[in-house]
Amino acid sequence: MAFRDHFARVAADYARFRPDYPAALFDWLAEVAPRRESAWDCGCGSGQAALPLAARFARVVATDISLGQLGCAPALEGVSFCAAAAAAVPLAAATVDLVTVAQALHWFDLDAFATEVRRVLVPGGVLAAWTYGLPELEDPEMATTIGSFIDETLGPFWPSEISQVLGGYASIDLPFAEVQPPRFEMTVSWTLPRFLAFVRTWSGVEC
């Protein structure tokens with residue numbers, strides 16, 4: 001698959017304005033992983049999942065193919081950031097307890113990625129991939145306005161992969177046994193300028 005970096009021009013804003021994932025998610029992942037020695041955060045962007053992983057795992061390797069994104073990642077104790085494709089990570093076989101993919105699985109060559117996951121995971125290791133889709137707003141008028149912007153204004157400009165995000169990854173089939181997770185929610189309270197800063201980091205806006 002040819003790589004197209006949708007976020008290079010907004011990498012700094014991506015690091016600043018993307019929302020945080022719920023702490024309960026990482027607590028649960030630490031519980032279901034066979035050990036808390038090593039985690040691989042694939043498609044790490046600028047480290048949104050790497051930071052909470054580092055608080056729960058002794059070693060985190062965070063990889064991304066986007067040099068722009070990696071350049072905006074903070075220095076984190078216990079985290080090694082490096083440029084690598086999802087199908088070729090610089091990790092030894094059978095050394096990783098947990099593989100995470102936060103809001104990035106739809107960009108991968110899934111067959112090649114699954115092969116690499118099999119190679120690096122320890123027996124009983126866990127792969128966790130998630131996406132948060134598009135926002136649901138409490139204010140009805142704002143929700144209507146944003147819905148129109150997403151569907152009509154941005155419609156022609158979304159990368160085709162966004163359909164997998166909108167479907168909550170339900171259409172993605174990976175060759176691993178599934179574990180039913182608890183329900184996790186992301187809730188934020190933002191000003192309008194803060195919300196619009198987030199919107200400007202979408203792949204459909206910076207296409």
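Start with R194. It sits over the face of W190, 4.0 Å from the ring centre. The criterion: NZ of Lys or CZ of Arg within 6 Å of the ring centre and within 35 degrees of the ring normal. Keep in mind that this is a predicted model: local features need pLDDT of at least 70, side-chain atom pairs count only at pLDDT 80 or more, and totals for chains, interfaces and linings use all residues. Numbering runs from 1 along each chain as its sequence is written, and side-chain values use heavy atoms, with hydrogens and water left out.

W190 also belongs to an aromatic cluster, together with Y21, F26, W130, Y132, W158, F195, F198 and W202. How many aromatic pairs does the structure hold? There are 13. A pair means ring centres of Phe, Tyr or Trp (its six-membered ring) within 6.5 Å; planes under 30 degrees apart are stacked, over 60 edge-to-face, the rest tilted.

Take Y21 and Y132. That pair is tilted, 6.1 Å centre to centre, with 45° between the planes. Y21 is in the loop between helix 1 (11-17) and helix 2 (23-32), Y132 in the loop between strand 5 (121-130) and helix 6 (140-153), so the pair ties together parts 111 residues apart in sequence. Helices (H or I, at least four residues) and strands (E, at least two) are DSSP runs, numbered from the N terminus.

Is Y21 buried or exposed? Buried, at 11% relative accessibility. The cut-offs are under 20% relative accessible area for buried, over 50% for exposed, partly exposed in between (1.4 Å probe, protein chains only).

Last, A102, in strand 4 (residues 96-102). A102 is buried too, at 9%. Beyond neighbours within four places in sequence, A102 contacts Y21, C42, G43, A49 and W130. Contact means heavy atoms within 4.5 Å.
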